[in-house]
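Subject: Structure handover: aromatic pairs and nonpolar cores

Hello,

Please find the structure below. My notes on its cores and its aromatic side chains follow.

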Amino acid sequence: MQNAIPNPQALADYTEITPTAVIRTEAHGWRAKCLQRLVRLDLPVPQTVALPTHAVRGIAAGAPLDAQAILRHFGAGALVSVRPSPANPDWGGPGSILNIGMNAARHQALAERHGQAAADALYLRFVQAYATHVARLDPDIFDPSKPVAEVLRDGLRQYAREMDEPFPEDPARQLSEVLRSMARAWEGTSARLLRQSKGAPAEAPLGLVVQSMAQGIGQGISGSGVIQFVSPVTGLPQITGRYLGQSQGRDALKKTEALYLTRDPRGASLEDIAPAIFDNLLQFGAVCRRRLREEMQIEFTIEDGHLSVLDAVKVVRSARAGLKIAVTLAEDGVIGRDEAILRVEPRSLPELLHTQVDPRGPRDVFAKGIAASPGAATGRIVFSSAAAQASASRGEPCILVRRETAPEDIRGMHSAVGVLTERGGVTSHAAVIARGIGVPCVVSASGLRLDAKERKLGAADGRVFSEGDLITVDGTTGDVLAGAAEMLAPALDDAFRKLLGWADEVRDIGIRANADTPADAETARQFEAQGIGLCRTEHMFFDEARLVVMREMIFADTSKDRAAALARLLPMQRDDFIQLFEIMAGLPVCIRLFDPPLHEFLPHTREGLRELAEALDKPLSDVVRRAEALAEFNPMLGMRGVRLGVVLPEIYDMQARAIFEAAVEVIRRGAPVVPEIMIPLVSARREVELVKTNIDAVAAAVRTRTGVNFAFKLGVMVETPRAALRAGEIAQHSDFLSFGTNDLTQMTYGLSRDDAGRFMNTYVQQGVFPEDPFHTLDVDGVGELLHIGAQRGRNTRPDLTLSICGEHGGNPESIDFCRKAGFDYVSCSPYRVPLARLAAAHLALHDLRLKSNILK
């Protein structure tokens, strides 16, 4: 084996880490490269040798290893440690093994120098690690209740008995076996699955580093510790960590007798006993931050007053701390703004928008489900929407617990602070609505037994919760906790706004919000959406007062009677639209005309129908007969969307009039507004022609009556495959096409979004679908329809505005697709707007870097 590298392109089987050595992350791993950077910064790093990934893979395969040659770098009698060095620190790796080289002679020498107790402790640490991790013996052979010297003797005796040979005395053999064991552990099935769960490729390689031991044991000030300079929870400046005298590795984090680092009234600190060493650590931290361009946690050892830096890793941080750190580094000139943007993962942002369970507090988890909508909330259990509304009216926070939710539960979901369902998936009704309104939600909670009749909730551990009991729903992790958990407030601070402002400067696609109510619009404005891309007007009718009038319209026998009922809804709709226009302050507002089948507004129980009959003063038999007449075998493909507008034009006429009268009122108040009206579920050009003719007539009537001229845009929501295929002719009468990918996915696949969860996991696991198409846009199938519709639409009308407004609108993958397809904007739920803004900036910056690399 050789240490010199005659050819810069060729890698030796090991390399001593020096300032000029050829050490590359992809070849030697992140730890080796980080240690080289520390060496280049003149930090006191113990002598270290790096084994490249190809050498480690060869060791795992049984290739011979000259461990003696490696040990010669450290001198006679040296003790060394071995640490893993994968390409990414998040991928983990085998545990570090310390004090390799310990044997009877070295043990005796250490006893003479540092005392028998210290020598026994060091020797036992190595024997125990070697026996359990290399020889794979049962760790129970080491009894922690006995004195260290006795445990050491028993351990050596048990090793000899189990292995039919004495504990190895040869340091070269010890090192060789440790390296081989760690290399093979990395290649094992469990390790592969574990790192794959952390985002690593299955075949990700491993590097190893061999480092001279800094003992942490001595007569003078000696010990080990870790120090970092920001809070891992908030990202604010804060010195944290621990120091433990007469110790090694990361023992300080495990022992209660460890000292504080800074002066603290609760006890002694490193700053008290070794102020000069503490000052050195502060300097090292500042140098690492400036030169490594990151907040680092430093692992250090002190031996007889001599300070050594063993390692430095990026501070583990929460999402809010990560954003704060990135912005602060950019403001301090350590990194650029573009780098700060790219350091914050878009999918981490939803965690910042909501209250979160404080990770530092206790967690009494009694159930775990799918984290369907981020954030956390504490409230009292209720089992019905009516109970949720009653609780909200009393000012009492509640958690709505249902087997699964339906459209009639929307008012209850708005009233609750959290939602918990026994069934469902990430695209179920509860999940979609909860994300849209920003309510924490956990679905498919395993082990729960819901008894709505007895108003009881049973947990897998035998506990039973009753209505009114206090629980906490953590929609970020999927945990359900007993009682009230400690919380962290949302992190919508200056750093959050500043980062997204920087993102807006570089992104190249518009971001709008789906907003159905004035409250949604306020949230959209708070998150700086560029308008409303989808306002679903039907959600406005579920209010109790409006629901009664809506049901009167449904039961009207003639067009005149329907118009009379709708006339009572008109001022309510108009007031809604006035509020939306004023909140959005001149930004575009796209209003989708009425879409759902009428039966959704009727009660589903006999008791509900009886109450409706009393409210309408009609015989129960008439109400039941009409409800049965409205029932459909497949209502989502029946009398809904534009079909209602064609068959019952009074509904769309009322809505158009409300929109135009609201626009007139806002214009009179001096604010600009150009409403966008969207026709849902179109599949034929003639449908658009019929609705457009009626809407144009309503617009003309409002202009004449009010004397106010106004403009508006009329477009189509493309939700059927036929609409995408016939987009060229549909675009003749449309100012815009907005692709509703929720229904378009359902109709393309022939799948019900609410029912697909029953088999979707099996389909994904067996490779039928690469991902759940309701969660991640199917770019091959549904995406092809989007491409066809966009191309044919713009062939007819080059200035046609294109967008998507389904649940996919906030996914980075969907945004990438839309950018490449030439779409003008995406629209997503208000609480996904920040994610979409940042994701769009990431994609734009990646494209710029790619183009820059190509030009080079």
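In the largest nonpolar core, which has 131 residues, Phe581 and Phe660 touch the most other members. A nonpolar core here is a set of buried Ala, Val, Leu, Ile, Met, Phe, Trp, Tyr and Cys residues joined through side-chain atoms within 4.5 Å. Helix α24 supplies the largest share of this core, 11 residues. A second, separate core has 55 residues, among them Val80, Val82, Val127 and Ala131.

This is a predicted model: local features need pLDDT of at least 70, side-chain atom pairs count only at pLDDT 80 or more, and totals for chains, interfaces and linings use all residues. Residues are numbered from 1 along each chain as its sequence is written, and side-chain values use heavy atoms, with hydrogens and water left out.

Leaving out residues up to four places away in sequence, Phe660 touches Ile677, Ile695, Val698, Ala699, Val702, Phe710 and Phe712 (contact means heavy atoms within 4.5 Å). Phe660 has a relative accessible area of 0% and is buried; buried means under 20% relative accessible area, exposed over 50%, and partly exposed in between, with a 1.4 Å probe and protein chains only.

The whole structure holds 15 aromatic pairs. Rings of Phe, Tyr and Trp (its six-membered ring) pair if their centres lie within 6.5 Å; planes under 30 degrees apart count as stacked, over 60 as edge-to-face and the rest as tilted.

One of the pairs is Phe660 with Phe712, which is tilted, at 4.8 Å centre to centre and 50° between the planes. Phe660 lies in α24 (residues 649–668) and Phe712 in the loop between α25 (685–706) and β26 (713–718), so the pair ties together parts 52 residues apart in sequence. Helices (H or I, at least four residues) and strands (E, at least two) are DSSP runs, numbered from the N terminus. Phe712 is also buried, at 17% relative accessibility.

Tyr749 and Phe769 form an edge-to-face pair, with 5.0 Å between centres and 80° between the planes. Tyr749 is in helix α28 (residues 741–749) and Phe769 in the loop between α29 (760–765) and α30 (782–796), so this pair ties together parts 20 residues apart in sequence. Tyr749 is partly exposed at 28%, whereas Phe769 is buried at 13%.

Elsewhere, ring pairs link Phe126, Tyr130, Tyr159 and Phe167 into a cluster.

Finally, the charged end of Arg512 sits over the ring of Tyr825, 3.9 Å from its centre (NZ of Lys or CZ of Arg within 6 Å of the ring centre and within 35 degrees of the ring normal). Arg703 lies over the face of Phe710, 4.6 Å from the ring centre.

Regards
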